[in-house]
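Work through the exercises below with the structure open beside you. Try each task before you read its solution.

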Amino acid sequence: MTCVHLLLTLVFAVSLGTPVEIQRPRGVPLTKKQFYVENKPFTCLDGSRAIPFDRVNDDYCDCKDGSDEPGTAACPNGSFHCTNAGYRPMFIPSSRINDGICDCCDTTDEYNSGAKCENTCKELGRKEREVLQKMAEITKEGFLLKQHLIEEAKKGQQEKKSKVTDMQGNKKQLDEKVEVLRTVKETAEQPEKEAKERHLKAWEEQKAAIRLEKDKAKMAEAFLFLTDDEDGLLSLCISVSVSELQSHAELDADADGTLTETEAQGLMGGAEQVDTSTFESVWPNIKDKYHSESQPEEPAPVETPPDEVKEPVVVNDSEPYPEDDISEEEDEDDEDEDDYHEDDDKAPPTIKAPEKSHEDEEAMPPYDADTQALIDAAQKARDDFEEAEKALREMDDQIRNIEKELSFDFGPDAEFTYLYSQCYELTTSEYIYRLCPFNRISQKPKYGGSETNLGTWGSWSGPENNKYLLMKYEHGTGCWQGPNRSTTVKLTCGKETVVTSTSEPSRCEYLMEFTTPAVCQEPANTDLSPHDHEEL
């Protein structure tokens, strides 16, 4: 074993520009140099044993923890330290030493393999510094935006608190106004109700009188037809007999199609015949079933025999055409021909005015002027009350919504306030993801389909030192035979507020990355230099 294998001499430029030689075994970081003192026994770092120093890096594993072979591949659990001056130092497994592959950018892991490695640490360091510089600029600009967000949030919160205070004062006045208008409404509705009831009662009495007159006329007509009086004149000696009543089979009580003499006599109260005055007591027994001979019976609906049902016309034995289409064309042709007919001078047929229905005859007449005035006054009172009550409900909703917003944890300095009531979308090849902070997250197919809830706002769930780096949304739409969907939103510093990516690391558990200036921290006042990653 030569001294080249045992010791590695490194020269660094320090701030004073004086070269300094630092000797230590190959593969040992400066932080552990004090454990490797030349010409003194070496104690394994796990304290298991001590060995002569010349057995360090002798390509034979003496220590169980592999600490005696930091620069060789002798120990399977050993590790090699890449200094990587100008870039970031790193550790690699000792099995990669001299394996022909360049792992350390300073090429120190391939010192005896013959591999042609090129030192790329300066170039990697330069690129990393550019990235870090860009990140520092973004952080700086993001932090300035964050300060503006904090200022606006605090101003907005103060305005909302003042607004709630003012609205609560106005709400008290509006409460009183609603109660006054409620009393006015109830006071106006009482005489309205009484006037409507009087009007309705008078109309019911009028209808009852009309119905009574109609019933008497119908009874007289029935008596006339039942007496078989050929002259059609009523006289004191005219009467209705049992046999005459039997001619009306519709009066049959047991529905056997025949009105027997006993049944007819029962309808007549046991009498053989009744005169005009006595018929008034018989009429209630028969009026519901009695059919006047003067009233024509409605013809029964005529059903078209099956043989007369026309088949659709078939042209060329191929496509059937509905008869309606042909008839329409024929009608049009007929109409065209009618334009040349001489009988166009004929008078048009008389159009009968629609007859008044039974309901039209019994429709309630309009209210009198006094009653209508009471109705109008009550309606105005109702309108005023409902308008005031609606304004009160809207004010309650506004107060409740503002108080709900003020109750959210928007960060130590309310920097996340601006995200409230906003939504941000990310479109992928398949889906449109929508994040509405402090509300919900959804996923919708890009080319149509129903929306899926990926979770509603739960809480901040970041680490103890900064819980505002992660948002948790829970209790989304359930997966098939699985749990409810949930989403974790990872917040990173950025000048813009935007969803940058989504993924599903586990079934039904989504991860969304979101940039916002609200998480940008105040940048440190340090300048990056090529020596920032050098280990001295």
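**Exercise 1: Aromatic rings**

Task: find the aromatic cluster that includes Phe438, then describe the pair that Phe438 forms with Trp460.

Solution. Phe408, Phe410, Phe416, Tyr420, Phe438, Trp457, Trp460, Tyr468 and Tyr473 form one aromatic cluster. Rings of Phe, Tyr and Trp (its six-membered ring) pair if their centres lie within 6.5 Å; planes under 30 degrees apart count as stacked, over 60 as edge-to-face, and the rest as tilted.

The model is predicted: local features need pLDDT of at least 70 and side-chain atom pairs count only at pLDDT 80 or more, while totals for chains, interfaces and linings use all residues. Residues are numbered from 1 along each chain as its sequence is written, and side-chain values use heavy atoms, with hydrogens and water left out.

Step 1: search the whole structure, which gives 16 aromatic pairs. Step 2: take phenylalanine 438 and tryptophan 460, whose ring centres are 5.9 Å apart with 70 degrees between the planes, making the pair edge-to-face. Phenylalanine 438 sits in the loop between S12 and strand S13 (440-445) and tryptophan 460 in strand S14, so the pair ties together parts 22 residues apart in sequence. Helices (H or I, at least four residues) and strands (E, at least two) are DSSP runs, numbered from the N terminus. Step 4: check burial. Both phenylalanine 438 and tryptophan 460 are buried (buried is under 20% relative accessible area, exposed over 50%, partly exposed in between; 1.4 Å probe, protein chains only).

**Exercise 2: The sheet**

Task: give the order of the 8 strands in the open sheet.

Solution. Step 1: read the order, S11-S12-S13-S14-S15-S16-S18-S17, with mixed pairing. Two strands pair if DSSP finds at least two bridges between them. Step 2: look at the edges. S11 and strand S17 (498-506) each have a single partner strand, so one side of each lacks a neighbour in the sheet. Step 3: inspect one pair. S17 and S18 run antiparallel and are joined by 6 bridges. Threonine 502 has methionine 512, in S18, as its bridge partner.

**Exercise 3: The nonpolar core**

Task: which residues have the most contacts inside the largest nonpolar core?

Solution. Step 1: define the set. A nonpolar core consists of buried Ala, Val, Leu, Ile, Met, Phe, Trp, Tyr and Cys residues joined through side-chain atoms within 4.5 Å. Step 2: the largest has 24 residues, and Phe416, Leu435, Phe438, Val489, Leu491 and Phe514 have the most contacts inside it. Step 3: trace the suppliers. Strands giving at least two residues each include S12 (431-436), S14 (452-460) and S16 (486-493). S18 gives the most, with 3 residues. Step 4: zoom in on leucine 435. Beyond its neighbours within four places in sequence, leucine 435 is in contact (heavy atoms within 4.5 Å) with residues including Tyr473, Val489, Met512 and Phe514.

**Exercise 4: Two residues compared**

Task: is asparagine 453 buried or exposed, and where is alanine 249?

Solution. Step 1: asparagine 453 is found in strand S14. Its relative accessibility is 15%, so asparagine 453 counts as buried. Step 2: the asparagine 453 side chain reaches the backbone nitrogen of glycine 455 at 2.8 Å. Step 3: alanine 249 lies in the loop between helix H3 (242-246) and helix H4 (261-267). At 38% relative accessibility, alanine 249 counts as partly exposed. Step 4: alanine 249 and tyrosine 290 are 41 residues apart in sequence, and 9.1 Å apart in space, C-alpha to C-alpha.

Terms used
A polar contact is a pair of N or O atoms within 3.5 Å; within protein, one must be able to donate a hydrogen and the other to accept it, and residues adjacent in sequence count only if both atoms are side-chain atoms.
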